[in-house]
Amino acid sequence: LTEKEEFFVLILGLDNAGKTTFLEAAKAKFGEKRTKSLIPLTRKYDGKNSDKAPLVNTSKITTTVGLNIGRIDTHGIRLNFWDLGGQEELQALWDKYYAECHAVIFTVDSHDRERVSESKAAFDAMISNSNITGVPLLVLANKQDLPESMGVREVKPIFQDNDEKIGNRECMVLPTSGLTGDGVVEGIEWLIQCIQ
Ligand code: GDP
């Protein structure tokens with residue numbers, strides 16, 4: 001039995017940005033190996049967000065208050081995802097994981113214009129942490145299935161505004177919908193190509 005090369009990917013972003021839904025969609029696309037939720041789940045999907053048929057059963061997804069873990073085996077490697085809670089109190093815990101991770105997925109709710117600056121502040125705090133300097137960074141302009149959402153052309157300059165802050169790391173802003181699965185495979189494959 002050969003040991004698979006293992007990588008750790010952090011999924012960050014404000015609460016309600018769609019982190020858990022994205023992870024579920026990725027697992028659905030690539031085939032889930034093992035998953036567990038370490039903290040009891042609280043809020044249920046109300047089905048009001050979109051009239052598109054969801055890729056995953058969103059009734060089982062709730063806002064992350066703790067940590068969800070997902071695992072995908074693909075391209076001969078193993079990806080371990082840590083989906084961390086995005087509430088302000090929980091953002092303080094993000095940096096405990098920085099030293100261990102090989103890539104970061106930062107999820108933006110493109111439909112929530114009111115919280116873009118809050119999201120950007122959390123993003124800036126994250127990228128300026130020296131423990132993840134140089135770690136590849138995938139920014140999801142998520143919820144693209146909602147008609148009023150900001151497009152990637154609007155989201156990209158907000159988050160990729162300053163090369164100095166982004167530094168030498170690989171960075172891509174990608175339009176996605178965790179609900180329909182659009183962009184999910186492209187995003188994961190981009191990350192794999194960066195970390196290998
Ligand atoms: P988290 O707190 O970042 O983990 O966010 P969740 O994955 O729990 O999603 C929060 C809410 O946004 C839920 O109601 C989801 O169904 C919804 N949601 C997540 N991703 C999308 C998406 O791509 N499109 C739409 N329309 N809704 C989404």
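**Trp-190.** I asked which residues Trp-190 touches once those up to four places away in sequence are left out. I found Leu-138 and Met-172, taking contact to be C-beta atoms, placed from the backbone, within 7 Å. Trp-190 and Leu-138 are 52 residues apart in sequence, and their C-alpha atoms are 8.3 Å apart. I placed Trp-190 in helix α7. Trp-190 has 17 other C-beta atoms within 10 Å, so I put it down as partly exposed. The scale I used: buried is 20 or more other C-beta atoms within 10 Å of the residue's own, exposed is 12 or fewer, and partly exposed is in between.

**Ground rules.** The model is predicted, so I note that local features need pLDDT of at least 70, side-chain atom pairs count only at pLDDT 80 or more, and totals for chains, interfaces and linings use all residues. Residues are numbered from 1 along each chain as its sequence is written.

**Overall layout.** I got seven helices and seven strands, as DSSP runs numbered from the N terminus (helices H or I, at least four residues; strands E, at least two). From the N terminus the order reads β-α-β-β-β-α-α-β-α-β-α-α-β-α. Of the 196 residues, 37% are buried. I also looked at contacts with a separation of 6 or more: 78% of them join residues 24 or more positions apart.

**α1 against α7.** How do the axes of α1 (residues 19–30) and α7 (residues 184–195) cross, and at what angle? They come within 9 Å and cross at roughly 85°. That makes the two helices roughly perpendicular, a label for 65 to 115 degrees (under 35 is roughly parallel, over 145 roughly antiparallel, the rest oblique). The axes are lines fitted to C-alpha atoms over the stretch in contact, with angles from 0 to 180 degrees between N-to-C directions. On the α1 side I listed Phe-22, Ala-25, Ala-26, Lys-29 and Phe-30, and on the α7 side Val-184, Val-185 and Ile-188. By class that is seven nonpolar, no polar and one charged residues. For the classes, Ala, Val, Leu, Ile, Met, Phe, Trp, Tyr, Cys and Pro are nonpolar, Asp, Glu, Lys and Arg are charged, and the others, Gly among them, are polar.

I found Thr-20 in helix α1. Thr-20 is buried, because 27 other C-beta atoms lie within 10 Å.

**The core.** The largest nonpolar core has 38 residues: buried Ala, Val, Leu, Ile, Met, Phe, Trp, Tyr and Cys joined through C-beta atoms within 7 Å. Val-9, Ile-11, Val-104 and Val-139 touch the most other members. Elements that each supply at least two core residues include β1 (5–13), α1, β5 (103–109) and α7. I followed up Val-139: beyond four places in sequence, its contacts include Phe-106, Phe-159 and Leu-174.

**Loops.** Asp-15 sits in the loop between β1 and α1 and is partly exposed. Gly-85 is 70 residues away from Asp-15 in sequence and 6.5 Å away, C-alpha to C-alpha. Asn-16 is in the loop between β1 and α1, with a positive phi near 80°. Lys-143, in the loop between β6 and α5, has a positive phi of about 65°. Buried or partly exposed, I wondered about Lys-143? Lys-143 is buried, with 27 other C-beta atoms within 10 Å.

Technical notes: Contact = placed C-beta atoms within 7 Å.
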